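This report describes side-chain interactions in a predicted model.

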Amino acid sequence: MIVLVGAQWGDEGKGKATDLLGDRLDYVVKFNGGNNAGHTVVIDGEKYALHLLPSGILTPGVTPVIGNGVVVDLAVLFEELDGLQARGIDTSRLRISANAHVIPSYNRSLDKVSERFLGARRIGTTGRGIGPTYADKMSRLGVRIQDIFDASILRQKVEAALSFKNQVLSKIYNRSAIKPDDVIAELLSYADRLRPYVGDTALELSKALDAGKVVLCEAGQATLLDVDHGTYPFVTSSNATSGGACTGAGIPPTRIDSVVAVLKAFTSRVGEGPFPTELHDKFGDYLREVGHEYGTTTGRPRRIGWLDLVMARYAQRINGVTDFALTKLDNYDGLDEIPVCVAYDVNGVRHDEMPVNQSDFHHAVPVYETLPGWKADISGCRSFEDLPKDAQRFVEFVEHRVGARVSIVGVGPGREAVIERHPVL
């Protein structure tokens with residue numbers, strides 16, 4: 001089993017890495033998050049933007065799985081399925097865990113109104129109800145996929161949740177109370193269409209591994225957005241690190257063979273929070289435009305910074321990374337020099353590792369080493385030896401500093417624009 005994670009704040013190109021391995025995979029499992037993240041995959045010039053579905057759904061012969069650790073907006077689920085079917089993509093193989101939680105409409109309402117209420121203290125959520133749904137899960141107020149097939153249980157759960165949430169909406173946020181019947185009717189309307197996809201996915205995956213099938217668990221978001229290990233509180237509401245694959249898919253850690261972390265050649269993030277290497281100059285604007293760095297889910301312009309190898313080393317340690325996939329190396333083709341962050345200065349003290357204190361991270365000043373650019377178009381390179389020498393040196397520099405091999409190098413937007421230095425499978 002392979003676990004694929006993001007090494008930064010997301011948007012590293014995990015979908016492309018999954019696509020590269022696609023013809024060697026039997027199952028692709030989404031194990032955390034919901035439709036608050038997006039994968040963009042380009043196939044034969046066609047762009048596919050996925051928000052909830054695993055990117056493996058685009059690969060013939062692969063079984064895509066939505067694991068128990070995911071929170072599912074059913075309207076978004078069927079909107080994505082309909083969109084893919086209209087473009088000739090077979091979606092019949094999709095499997096959904098009966099234990100995955102559903103995002104009810106009232107949690108979308110609470111997410112949006114609470115962010116507005118926080119004002120300057122806002123987290124920068126996508127407003128899609130993800131956080132409130134995970135909070136319900138931990139408070140044991142959640143609605144699961146399986147509940148939609150039992151109208152009596154569904155009513156009990158929705159009424160129990162709304163008995164509290166309506167008080168919050170009306171008395172704190174001055175919003176109208178939500179009628180349980182409306183929520184129940186909406187959720188029940190999906191039951192018949194949903195039923196063929198739903199099952200015991202943890203059991204199915206266990207049997208697949210026993211049969212020698214290749215399973216890839218694909219994280220939503222990324223390491224620095226993990227609720228336990230990210231830049232809290234500016235994080236997502238789930239575990240986006242390799243350990244989350246075990247709880248979010250129902251697969252024990254003893255089945256993991258390798259962990260692949262996707263590392264973009266520069267850094268980006270969407271939303272609030274500290275960002276040591278963030279650029280507010282022509283270089284940031286250049287990297288944003290050449291890399292089309294706008295949110296797949298929100299359309300928001302991403303914040304841009306130079307590559308941060310302190311973060312990358314942290315991701316290697318937290319996830320147990322065996323292989324890195326370095327993406328968007330071609331975005332540096334036009335630059336004479338490339339600064340790379342190798343440490344932080346915090347009040348005159350050098351930090352080679354991530355500061356444990358969030359205040360120190362907030363005040364961290366990047367320490368850079370500058371590497372020469374290559375001033376050449378590398379999008380046609382298909383082997384490491386094809387790359388200009390300075391591009392090779394850049395990759396080797398990263399590999400040396402992060403403590404794990406760089407096995408995959410992305411050199412362009414298309415699915416074919418990839419160099420595989422070492423086999424991951």
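## A salt bridge between buried partners

Lys165 counts as buried, because its relative accessibility is 6% and the cut-off for burial is under 20%. Its salt-bridge partner is Asp136, and the closest N and O atoms of the two are 2.8 Å apart. Asp136 is likewise classed as buried, at 5% relative accessibility.

Side chains of opposite charge can pair when their charged atoms come close. In this model, the count comes to 26 salt bridges.

## Further salt bridges and a network

Glu278 and Arg303 also meet through their side chains in a salt bridge, with an N to O distance of 2.9 Å. This pair links distant parts of the chain, 25 residues apart: Glu278 is in the loop between β12 (267–269) and α10, and Arg303 is in strand β13. With a relative accessibility of 21%, Glu278 counts as partly exposed.

A salt bridge of 2.6 Å, N to O, joins the side chains of Glu293 and Lys328. Since Glu293 lies in the loop between α10 and β13 and Lys328 in the loop between β14 (323–327) and β15 (337–346), the pair ties together parts that are 35 residues apart in sequence. Glu293 is buried, with a relative accessible area of 0%, whereas Lys328 is partly exposed at 23%. Both residues belong to a network of salt bridges with shared partners, which joins Asp11, Lys264, Glu293, Arg302 and Lys328.

## Aromatic pairs and a charge over a ring

The structure holds nine aromatic pairs. In one of them, the ring centres of Phe283 and Trp306 are 5.7 Å apart and the planes stand at 45 degrees, so the pair is tilted. Phe283 is located in helix α10 (residues 282–290) and Trp306 in the loop between β13 (303–305) and α11 (309–319); the pair thus links distant parts of the chain, 23 residues apart. Phe283 counts as partly exposed at 30% relative accessibility, while Trp306 counts as buried at 5%.

Phe283 and Trp306 are also members of a cluster linked by ring pairs, together with Phe266, Tyr332, Trp374 and Phe394. Elsewhere, an aromatic ring meets a charged group: the charged end of Arg421 sits over the ring of Phe384, 4.2 Å from its centre.

In soluble globular proteins, nonpolar side chains tend to be buried together. The largest nonpolar core in this model has 57 residues, and those with the most contacts inside it are Val215, Cys217, Phe324, Leu329, Tyr332, Leu387 and Phe394. Helix α13 (residues 389–402) gives the most to this core, contributing six residues. A second, separate core of 43 residues includes Val70, Leu81, Leu169 and Ile178.

Within the largest core, Leu329 is among the residues with the most contacts. Leaving aside residues up to four places away in sequence, Leu329 touches Ala265, Trp374, Ile378, Leu387, Phe394, Val395, Val409 and Gly410. Two of these contact partners, Trp374 and Phe394, are also part of the aromatic cluster.

How values were computed: Residues are numbered from 1 along each chain as its sequence is written. This is a predicted model: local features need pLDDT of at least 70, side-chain atom pairs count only at pLDDT 80 or more; totals for chains, interfaces and linings use all residues. Side-chain values use heavy atoms; hydrogens and water are left out. A nonpolar core is a set of buried Ala, Val, Leu, Ile, Met, Phe, Trp, Tyr and Cys residues joined through side-chain atoms within 4.5 Å. Buried means under 20% relative accessible area, exposed over 50%, partly exposed in between (1.4 Å probe, protein chains only). Helices (H or I, at least four residues) and strands (E, at least two) are DSSP runs, numbered from the N terminus. Contact means heavy atoms within 4.5 Å. Rings of Phe, Tyr and Trp (its six-membered ring) pair if their centres lie within 6.5 Å; planes under 30 degrees apart count as stacked, over 60 as edge-to-face and the rest as tilted. A charge sits over a ring if NZ of Lys or CZ of Arg is within 6 Å of the ring centre and within 35 degrees of the ring normal. A salt bridge is a side-chain nitrogen of Lys or Arg within 4 Å of a carboxyl oxygen of Asp or Glu.
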